[in-house]
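Hi there,

Here is the structure I promised to pass on to you. Have a look at it first, and then read on for my notes on what turned up.

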Amino acid sequence: MTDKLYSLVGDIGGTNARFALVAQGDVRPREIEVLACRDYENLDCAVVDYLQRVGVEEVGQACLAVASPVRGTHVRMTNNHWRFDTEEVRRQFAWSAFKVINDFTAMALGVPHVPEANLVHVCGGPGDPSRPRLVMGPGTGLGVSGLVPINNGWVPLMTEGGHVDYAPTDDLEMDVLRILRARFGRVSVERILCGQGLLNLYQAHAEIRGVPAALDSPERITAAAVANEDALARESLRHFCEILGRVAGNGVLTLGSLGGVYLCGGILPRILEFFLESPFRNGFEDKGRMRPLLESTPVYVVTEPYTGLLGAAEALSNPEV
């Protein structure tokens, strides 16, 4: 089938590349395929294979969200071997346009298109829909973005908010900072609020308590904590959620994002029940004189698995991207 009314969208990480088609004027992805990046020499090979799989000879344009910095036309993926020049790829496939955006920018742009059924309310409300939204989430790193409303649309903010300083609030957290500073020098919140960060936090808790850190991966820590099989894992994961709440609250105050907080990423949906019972809300609302502002701001966990594809589709027609 040849149909340039379709556009190609993709969400490319270090391990997998998710591709889909969207019809003109639509953001709903169809013909979604998840391909392993290691199976392809480069992006163009993966695109050719995807189009063959879905029986489409060519598309009119494309937008890809990538887990790497985007500067100029040359893209070097951070966690896989793909390297490509956007203008060369555009000419190769005769696309009228080819946009490449950061993966968390796409995540932010996708949020307004997530069905309500895939938003789990955590706390707060009703908020102010005319104000900015904060979009953040722990995964391989800590992604932070935002959406600023304009007439009939949104401007996404491209930030490195995951790399702000970690700010301890009590003696325990001062000890955590001391331990992590000895390992890393400067300690950003991403040193705690991501998969590897959870392991760092767990190991710090073990050192503070003078006990062995028996678990050696974030997956094992979350599994043991959720199953209530390891007190140290449970304490560390609860602390992780509390710190996430404080960082999200700081983001609301900084951005003025009374439109809501949307928590994305791969970790939270897998521990949703644990998260909803965690001290996240305490950390989020504990802002002294600003507490009423945080109490009125809604917070959601986004469980939509293809938010990045929705955002890539939105970016095709968004002139602010």
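Leaving aside residues up to four places away in sequence, Leu193 touches Pro138, Gly141, Leu142, Phe240, Ile243, Leu244 and Val247. Please keep in mind throughout that this is a predicted model.

**The nonpolar cores**

Leu193 belongs to the largest nonpolar core, which has 49 residues. Which of its members touch the most others? They are Met136, Leu193, Leu263, Phe275, Phe280 and Phe284. The biggest contribution to this core comes from helix α7, residues 231-255, which supplies ten residues. There is also a second, separate core of 29 residues, and Tyr40, Val47, Trp82 and Trp95 are among its members. As background, nonpolar side chains in soluble globular proteins tend to be buried together.

**Aromatic rings**

Six aromatic pairs occur in the structure. In one of them, the ring centres of Phe93 and Trp95 are 4.9 Å apart and the planes meet at 15 degrees; planes under 30 degrees apart count as stacked, so Phe93 and Trp95 make a stacked pair. Phe93 and Trp95 are both buried. Another pair joins Phe275 and Phe280, with 5.0 Å from centre to centre and 50 degrees between the planes, and this one is tilted. Phe275 and Phe280 are both buried as well.

**Strand β4 and its partners**

Phe98 leads on to the strands. It is the bridge partner, in β7, of Ala62. Strand β7 covers residues 98-102, and it pairs with β4 in the parallel sense over five bridges. Strand β4 also pairs with strand β1, residues 6-12, again in the parallel sense and over six bridges. In that pairing, Ile12 stands opposite Val66 of β4. Is β4 itself mostly covered or mostly open? The strand runs over residues 61-66 and is mostly covered, with five of its six residues buried.

**Cysteines**

How many disulfides does a search of the whole structure find? The count is zero. For Cys37, the nearest cysteine sulfur is that of Cys45, 12 Å away; a disulfide needs the two sulfur atoms within 2.5 Å, so Cys37 is in no disulfide. The relative accessibility of Cys37 is 1%, so this residue counts as buried. Cys241 is likewise in no disulfide, and its nearest cysteine sulfur, that of Cys123, is 12 Å away. Cys241 is buried too, with a relative accessible area of 0%.

**Backbone details to check in your viewer**

The peptide bond from Gly125 to Pro126 is cis, with omega near 5 degrees. Pro126 sits in the loop between β8 (119-123) and β9 (133-138).

Two residues other than glycine have a positive phi. One is Ala94, with phi near 55 degrees, in the loop between α2 (86-93) and β7. Its relative accessible area is 46%, so Ala94 is partly exposed. The other is Asn228, where phi is also near 55 degrees; Asn228 lies in the loop between α6 (218-226) and α7. Its relative accessibility is 54%, and exposed means over 50%, so Asn228 counts as exposed.

Finally, a note on Gln92, which lies in helix α2. Gln92 counts as partly exposed, at 45% relative accessibility. How far is its C-alpha atom from that of Asp44? The two are separated by 8.5 Å, although Gln92 and Asp44 are 48 residues apart along the chain.

Conventions. Residues numbered from 1 in each chain as written. Predicted model: local features only at pLDDT ≥ 70, side-chain atom pairs only at ≥ 80, totals over all residues. Heavy atoms only, no water. Buried < 20%, exposed > 50% of the residue type's maximum accessible area, 1.4 Å probe, protein only. Helix = DSSP H or I, 4+ residues; strand = E, 2+ residues; numbered from the N terminus. Pairing = 2+ DSSP bridges. Phe/Tyr/Trp six-rings, centres within 6.5 Å; stacked < 30°, edge-to-face > 60°. Core = buried A, V, L, I, M, F, W, Y, C linked by side-chain atoms within 4.5 Å. Contact = heavy atoms within 4.5 Å.
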